[in-house]
Amino acid sequence: MFREKFYAIDAHCHVYPDAIAAKAARATCRFYDFDDPANDGTIGRLLAIAEESGIDGFVIQSVATTPHQVEDINRFIAASVAAHPGVLYGLGTLHPDCADMAAEVRLIVSLGLHGVKLHPDIQRVALDDDRCRRIFRLCADEGLPVLLHTGDRRYDYSNPNRLIPILREFPDLQVVGAHFGGFSVWEEATAALADFGNLSVDCSSSLGFLSADKARQLVGRYGASRVMFGSDYPLWQPQHEAELLCGLRLSDADTAAIFSENAKRVYHLQ
Ligand SMILES: [Zn+2]
């Protein structure tokens, strides 16, 4: 079991206020044609998992689908983190159509959030759109890493062709590409992206779709110091994802880096 051996941080968790959590989690599953989610997307369920599973920390976030949700979501994430220090860490959300983007970024910084999550496919904006470029410039200037949903065979918002110009244009921006840099296009994404030093990735919503051999190859291509553990809670069971990571049989040093050291470094967690 990983719990005796590794300090584990699940660096990719979506959470919602209790009143809308189950519905929001199911909507995400429908967007991806997945079966019903493993969990309900509440903070309470995540804390229960912390007790049960041996996962020690969770990086939580929520994606705004309209600009007017942005401030409420960021305050919800910050309040949730404040209620559970040392267990929860938060990322902010932004929307490409925020009227005063600089003010929203300043609020994220003042709330002590550790970065910004964007989901181009759900927010319907291409990563290399000028509205995203404005977000990336502001985040780079504030030293805020950005966690990006990346990859979808069905759409052209977040695939490597959209991310590569951003990695070139913003060498000072810390980018975390979810799902090994390209959900559903894992191998093409890794081949196209792995040489960009300003990119890290997480393994969320990936290990359940890939053979252990294939996942090991992706980790090897990025290097274990650039891969983070993440479950995409509430879609999957974090403890099961942690077991899949252990099943790759990487060295203890590489496993420890993926389980928490990389997330601590990139997101400045303490
Ligand atoms: Zn996500």
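Two strands pair if DSSP finds at least two bridges between them. Helices (H or I, at least four residues) and strands (E, at least two) are DSSP runs, numbered from the N terminus. By these rules, strand β6 (residues 146-148) and strand β7 (residues 175-177) pair in the parallel sense over three bridges. This is a predicted model: local features need pLDDT of at least 70, side-chain atom pairs count only at pLDDT 80 or more, and totals for chains, interfaces and linings use all residues. Residue numbers start from 1 along each chain as its sequence is written.

**Overall build**

- The protein chain has eleven helices and nine strands.
- Its radius of gyration is 17 Å, close to the 18 Å that the globule rule gives for 270 residues, so the chain is as compact as a globular protein of that length. The radius is taken over C-alpha atoms, and the rule is 2.2 Å times the number of residues to the power 0.38.
- The C-alpha trace spans about 50 × 40 × 35 Å along its principal axes.
- Of the 270 residues, 49% count as buried. Buried means that 20 or more other C-beta atoms lie within 10 Å of the residue's own; exposed means 12 or fewer, partly exposed in between, with C-beta atoms placed from the backbone.
- Among contacts between residues at least 6 apart in sequence, 76% join residues at least 24 apart. A contact needs C-beta atoms, placed from the backbone, within 7 Å.

**The sheet**

- Six strands form an open sheet in the order β4-β5-β6-β7-β8-β9, with parallel pairing.
- β4 (92-93) and β9 (227-228) stand at the edges with a single partner strand each, so one side of each has no neighbour in the sheet.
- β7 and β8 pair in the parallel sense over three bridges. Here G177 is partnered by V201 in β8.
- From β7 the chain crosses through helix α8 (residues 186-193) to β8, in a right-handed β-α-β crossover. Right-handed means that, with the strands pointing away from the viewer, the path from the first strand over the helix to the second runs clockwise.
- β8 and β9 pair in the parallel sense over two bridges. D202 stands opposite M228 in β9.
- β8, helix α9 (residues 212-222) and β9 also make a right-handed β-α-β unit.
- In a regular strand the side chains alternate between the two faces of the sheet. Strand β8 (residues 199-202) is covered on both faces: L199 and V201 are buried on one side, S200 and D202 on the other.

**Helix α11**

- Helix α11 (residues 252-267) has 16 residues, which should span 22 Å at 1.5 Å a residue; its end C-alpha atoms are 22 Å apart, in agreement. The expected span is 1.5 Å times one less than the number of residues.
- α11 has a kink of about 55 degrees centred on I258. The bend is the angle between axes fitted to the seven residues ending at a residue and the seven starting there.
- Its buried residues include I258, F259 and Y267.

**Backbone points to check in the loops**

- Most residues other than glycine have a negative phi, and most peptide bonds are trans.
- S205, in the loop between β8 and α9, has a positive phi of about 45 degrees. S205 is buried, with 23 other C-beta atoms within 10 Å.
- D232, in the loop between β9 and α10, has a positive phi of about 65 degrees. D232 counts as buried, with 27 C-beta neighbours inside 10 Å.
- The peptide bond from Y233 to P234 is cis, with omega near 10 degrees. P234 sits in the loop between β9 and α10 (238-246).

Definitions and conventions. Contact = placed C-beta atoms within 7 Å.
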